[in-house]
Amino acid sequence: MERKKFIVACNGVKLNPSPDNAKYVELLHNHDLTSTNNVKIELQNFVTNIFTLSDRKKDLMEIAGYIFAADRKCSRGNDKEIIYDNWSRDIEIHIKVRDLHFWQDTQVIKALNEALTFMTGDFNFNFVFYKYEDDHKYNLFDNDNFVVEPTAKTKVVLFSGGLDSLAGIIELLETTEDQLWLVSHHSGNPSVGQTQKNLFDEINARFPNRSYHYTYKCGLTGQQRADENQRTRSFLFNSIAFALSTTYGLNENFLFENGITSFNFPESEDMQNSRASRTTHPKTLALLMNLFSLIEDKPYKIHNGFVFKSKTDVMEIIKNFNKLDLLSIAVSCSATRINIGSRTHCGICSQCIDRRFASYAAEVENFDETGLYHFDFVTQVLDSDNKKKALSFYINLAKEFYISNLDSFYYSFSSQIIEIEKYLSGSMEAERISKIFTLCHRHGKQVEKAIGRMSEKHDKAFSDFKENSLFDLILGMRGASTPKSNSQQPQIDENTTRELGNAQEIIKRQKLKIKTLSNPLTHSELLALSEKTKKKNGSINYSAIAKNLGISNHTAKVWCKSYKIT
């Protein structure tokens, strides 16, 4: 399979015609807003109060803006192509910078590539930097007059307009005396900006003079978006927060995303790259912290305040602080670019599904069912396979979380857990894995409660049977499942991890079971073997690799994919 290759020339860089196997894209933002613009980077409007940024931080924000635009311009293909290998792209970025010496450092380039490839699932981000000869003077960047002086209790917080960030902000304002600087981004969709403004107005009215809202616009202009996943938005979002924080002497920023969404366990191995978003994954945040620490030349931290909370836990925070009237304003939908009329939520994307189940589990569905959803999967007929698949995956995963004990949970999700736990708080590996398991099990239990309450409300015992309804789907899933014996059901006291058994021994035992998934070969060794054993049509011969190494075909495939050898 030939990789999708793109060469992207940014901010005035001109290149020779691209090779036949690459697509050439030019992205330009002129500060005089000429007709040649196809990128909008309105950084000068980001902060009302003028402040100064170093050349290096100006470069970072411009790099982040152009990468966000390039990510949306370089197509991954149509939905039928979105499987593991076809999803990923090779992207080569040519861009001018002010601090050329810093950005050409191999450690910095490596940090950029590692962060971007992990969060996007792409094969590679190569960078070629050029010297900025004629730097435009931004009002935002180039005045030494400081107006806002932070206190020791100031926090910079990402503010998307969604439920999680709203709950986190409410919790901070209710439980601390901190001043909050809320950072928002939108790429052109006016409804996103309006949602953020409406929510901030409500926050400011209830907590006067506690928050400041800094917004910025960045994205493509006058062109169709080739890819709408916006996976590099996390890089752009956190880059702006980093620039704002460090300019005022702070060394951290905060975000709020529930752990189930952040961990985002994939549907299947083939869908691991394409479907599992990594925008707030613990490893993504760790890689960004590494990059920002290099830029600042001292340690920098990004904190996810909800990493061990589920969406139901988030709902309950809003409930406990008596702010349920704000649910109708906050937008969780990940398909806001789809035309859904006057509704703010599509009703069937993963975020909408999670929100609906959470509202029932937290017993606040009456505040959430106020005409927000274009499609109501609880009461309407599931009229497409995609709707049934989305709900089936969500429910099956929650069920697997709930019926697992620590041993089976680690074995089933070992590859994902290993990539998560090392970046979490906790001194012991067993402690961190137990925290992940406790969260996932609690989420499964909450989904079971939600289904029970949905059924009690909309599928009463003597009501007419509705074919292709949510309850018909659940009934069919039960019939296809193998009943679990009582001995297989987990006995868990969620107040302590001691009841989970000897976690360290469980981990050790399961690592022995999956040790063949750990690749002992270097990239060059495995690449050489794959080239030597290729099939006549040029494809990878996993059977031949397996035979040479004494491993299974599946393990050979896993090893090759781990090195992106395709």
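Reader: Which residue forms a salt bridge with R356, and how far apart are the closest N and O atoms?

Author: Start with the general idea: a salt bridge is a side-chain nitrogen of Lys or Arg within 4 Å of a carboxyl oxygen of Asp or Glu. Here, R356 forms one with E369, and their closest N and O atoms are 2.8 Å apart. R356 lies in helix 12 (residues 350–361) and E369 in the loop between helix 13 (365–368) and helix 14 (385–403), so the pair ties together parts that are 13 residues apart in sequence. As for the word helix, helices (H or I, at least four residues) and strands (E, at least two) are DSSP runs, numbered from the N terminus. Before we go on, remember that this is a predicted model: local features need pLDDT of at least 70 and side-chain atom pairs count only at pLDDT 80 or more, while totals for chains, interfaces and linings use all residues. Residues are numbered from 1 along each chain as its sequence is written, and side-chain values use heavy atoms, with hydrogens and water left out.

Reader: Is R356 buried or exposed?

Author: Buried means under 20% relative accessible area, exposed means over 50%, and partly exposed is in between (1.4 Å probe, protein chains only). R356 is buried, at 1% relative accessibility.

Reader: Which residues are linked with R356 in a network of salt bridges?

Author: The network links R356 with E365, E369, D376, R453 and K457. In the whole structure, a search finds 29 salt bridges.

Reader: Where do E202 and R206 lie?

Author: Here the general idea is about helix geometry. An α-helix has 3.6 residues a turn, so residues three or four places apart point the same way. E202 and R206 are both in helix 6 (residues 190–206), 4 residues apart, about one turn of the helix. Their side chains meet in a salt bridge (3.0 Å, N to O). E202 is partly exposed at 28% relative accessible area, and R206 is partly exposed at 29%. For another case, look at helix 17 (residues 429–458): K435 and E431 both lie there, 4 residues apart. The salt bridge between their side chains is 3.7 Å, N to O. K435 is partly exposed, with 26% relative accessible area, and E431 is partly exposed at 33%.

Reader: At what angle do helix 20 and helix 21 pack?

Author: Two packed helices are described by the angle between their axes and the distance between the axes. Axes are lines fitted to C-alpha atoms, for helices over the stretch in contact, and angles run from 0 to 180 degrees between N-to-C directions. Helix 20 (residues 523–532) and helix 21 (residues 542–549) pack at about 120°, with axes 9 Å apart. That makes helix 20 oblique to helix 21; angles under 35 degrees count as roughly parallel, over 145 as roughly antiparallel, 65 to 115 as roughly perpendicular and the rest as oblique.

Reader: Which residues in helix 20 and helix 21 meet?

Author: L526, L529 and S530 in helix 20 meet I545, N548 and L549 in helix 21. Contact here means heavy atoms within 4.5 Å. In helix 21, the residues A544, I545 and A546 are buried. G550, whose phi is positive, near 70°, follows helix 21.

Reader: Which residues other than glycine can I look at for a positive phi?

Author: N264 is one: its phi is near 45°. N264 sits in the loop between helix 8 (259–263) and helix 9 (272–275). N468 also has a positive phi, near 60°, and it lies in the loop between helix 17 and helix 18 (470–479).

Reader: How many residues has the largest nonpolar core?

Author: A nonpolar core is a set of buried Ala, Val, Leu, Ile, Met, Phe, Trp, Tyr and Cys residues joined through side-chain atoms within 4.5 Å. The largest one here has 60 residues, and W103 and F127 are among those with the most contacts inside it. Another core, of 30 residues, lies apart from it; V331, C349, V447 and I451 are among its members.

Reader: How many helices and strands has the protein chain?

Author: The chain has 22 helices and 10 strands. Of its 566 residues, 52% count as buried.
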